[in-house]
Amino acid sequence: MAAKFTPRVFSGIQPSGGLTLGNYLGAIKRWVAMQGPDFETIYCVVDLHAITVRQDPDKLRRSTHEVAAALIASGIDPEASVLFNQSQVSAHAELGWIFNCIARIGWMNRMTQFKDKAGKNAEKVSLGLYAYPALMAADILAYHATHVPVGEDQKQHVELTRDIAQKFNHDYGVDFFPITEPVIEGPATRVMNLRDGTRKMSKSGESDMERINMLDDADTIARKFKKARTDPDPLPGELEGLKDRPEARNLVDIYAGLSDRSPEAVIAEYAGAGWGRFKPALAELAVEKLVPISDEMRRMMAEPDALDALLARGAGKAEAISRPILEQVHDIVGFVRSRG
Ligand code: TYM
């Protein structure tokens with residue numbers, strides 16, 4: 001990629017229901033790790049994305065505060081990073097429209113997440129749900145972001161972002177948008193459902209026992225891990241031995257993600273251990289890591305005005321980066337800037 005682009009990270013998370021351990025390990029923890037001298041970091045609560053499916057307005061407000069609190073409680077520093085909610089910076093929606101006119105219908109038809117979410121109901125879902133990946137490309141490219149840390153499930157959307165950037169650059173004969181790199185790293189890029197190791201852990205699964213929520217208390221976390229589906233065998237001595245054991249593999253990956261170790265190191269420590277030993281150790285580790293975060297989240301969520309003040313500052317900083325980029329897009333596309 002041309003060196004003209006500042007190393008800049010952008011990522012987003014939807015305020016559409018409670019946050020899960022999947023969001024924490026696959027995204028939030030990685031976002032915290034990317035703060036520092038190597039990158040400018042921009043993190044966004046993507047409320048425009050959330051309304052692609054119906055949201056109750058009060059719940060949407062609450063979830064927005066929950067996500068902002070989770071990010072800060074997990075270690076996102078609102079001074080070191082730009083932290084804001086998407087609807088407050090109009091460049092997202094504006095560039096999203098322009099990208100609707102760049103992206104091809106055929107590209108959108110290939111998006112597996114749309115197919116999963118729409119299911120048999122594709123005629124009845126919102127147009128926004130279909131166009132959603134073009135808005136996500138706008139989120140990223142409105143900041144000329146070079147790196148996007150996400151879980152495995154967002155890979156195809158980041159690839160589409162690259163296609164949109166390339167087509168825009170090509171159609172207008174410019175080298176304007178960077179070709180963004182997805183950053184999908186760590187042992188827990190795809191945290192699976194605790195009751196079925198072949199399905200992703202998600203906010204919307206029907207049973208609460210399938211997932212660990214970031215706001216679960218210690219007893220609930222312990223109970224969910226105790227009841228997590230496993231198989232009768234003890235843990236093997238090598239990772240290879242977990243090949244056809246998705247539930248066992250998932251618990252090892254979660255342990256690795258929470259303890260900042262590799263799955264290989266976890267397996268080496270617990271080789272031969274039965275679930276009666278591994279599950280309580282995992283539960284204890286999860287409680288140790290998550291409960292201080294959820295305590296802090298609750299404290300922050302009780303002061304929504306303070307959170308709003310932080311988000312407002314972040315939105316100002318986000319605006320200052322994205323506005324000049326959008327103005328250049330207007331020039332490239334040929335919009336008359338009658339107001340300067
Ligand atoms: P969302 O809100 O579904 O999830 C937020 C982040 O959490 C990750 N994640 C997981 N990682 C591992 N295992 C899981 N079970 C799991 N569940 C969720 C997701 O991969 C994601 O990184 N479209 C995005 C939001 C978005 C965005 C963006 C992301 C909008 N604009 C621009 C990056 C850049 C989404 O719905 O994520």
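Modeller: Buried means under 20% relative accessible area, exposed over 50% and partly exposed in between, with a 1.4 Å probe and protein chains only. This is a predicted model, in which local features need pLDDT of at least 70 and side-chain atom pairs count only at pLDDT 80 or more, while totals for chains, interfaces and linings use all residues. Residues are numbered from 1 along each chain as its sequence is written, and side-chain values use heavy atoms, with hydrogens and water left out.

Colleague: Are Phe99 and Phe168 buried or exposed?

Modeller: The two form an edge-to-face aromatic pair, one of 13 that a search of the whole structure finds. Rings of Phe, Tyr and Trp (its six-membered ring) pair if their centres lie within 6.5 Å; planes under 30 degrees apart count as stacked, over 60 as edge-to-face and the rest as tilted. Here the centres are 6.5 Å apart and the planes make 75°. By the accessibility cut-offs, both Phe99 and Phe168 are buried.

Colleague: How many residues apart in sequence are the parts that Phe99 and Phe168 tie together?

Modeller: Helices (H or I, at least four residues) and strands (E, at least two) are DSSP runs, numbered from the N terminus. Phe99 belongs to helix 4 (residues 91-100) and Phe168 to helix 8 (residues 155-172), so the parts that the pair ties together are separated in sequence by 69 residues.

Colleague: What is the angle between the planes of Tyr270 and Phe278?

Modeller: Both Tyr270 and Phe278 are buried. Their rings form an edge-to-face aromatic pair at 5.1 Å centre to centre, and the angle between the planes is 85°.

Colleague: Which residues do ring pairs link into a cluster?

Modeller: Phe99 and Phe168, already described as a buried pair, belong to this cluster. With them, ring pairs link Tyr172, Phe176 and Phe177.

Colleague: Which residues are closest to the ligand?

Modeller: A residue counts as near a molecule if one of its heavy atoms lies within 4 Å of it. The ligand is surrounded by 27 residues. The closest are Tyr132, Asp139, Gly151, Asp153 and Val191.

Colleague: How much of the ligand does the protein bury?

Modeller: A nitrogen atom of the ligand lies 2.5 Å from a polar side-chain atom of Tyr132. Accessible areas come from the Shrake-Rupley method with a 1.4 Å probe; for residues, only the protein chains shown count as cover. Taken alone the ligand exposes 710 Å², and the part buried by the protein is 96%.

Colleague: Which elements give two or more residues to the shell around the ligand?

Modeller: On a 1 Å grid over the protein atoms alone, a pocket is an open set of points where a 1.4 Å probe fits, with protein on both sides within 12 Å along at least five of seven lines. A molecule sits in one if more than half of its atoms lie within 2 Å of its grid points, and the ligand sits in the largest pocket. The elements giving two or more residues to its shell are strand 1 (8-13), helix 1 (21-34) and helix 7 (127-141).

Colleague: With which residue does the side chain of His49 make a polar contact?

Modeller: His49 lies in helix 2 (residues 47-50) and counts as buried because its relative accessibility is 1%. A polar contact is a pair of N or O atoms within 3.5 Å; within protein, one must be able to donate a hydrogen and the other to accept it, and residues adjacent in sequence count only if both atoms are side-chain atoms. At 2.9 Å, the side-chain partner of His49 is Asp139.

Colleague: Why does Asp260 count as exposed?

Modeller: Asp260 is found in the loop between helix 10 (246-259) and helix 11 (263-270), and has a positive phi of about 55° although it is not a glycine. Its side chain joins that of Lys29 in a polar contact of 2.5 Å. Asp260 counts as exposed because its relative accessibility is 61%.

Colleague: What is the relative accessible area of His144?

Modeller: His144 lies in the loop between helix 7 and strand 4 (147-149). Its phi is near 50°, a positive value in a residue other than glycine. His144 is buried, with a relative accessible area of 13%.

How values were computed
1 Å grid on protein atoms, 1.4 Å probe; cavity = no way out; pocket = protein on both sides within 12 Å on 5 of 7 lines; lining within 4 Å.
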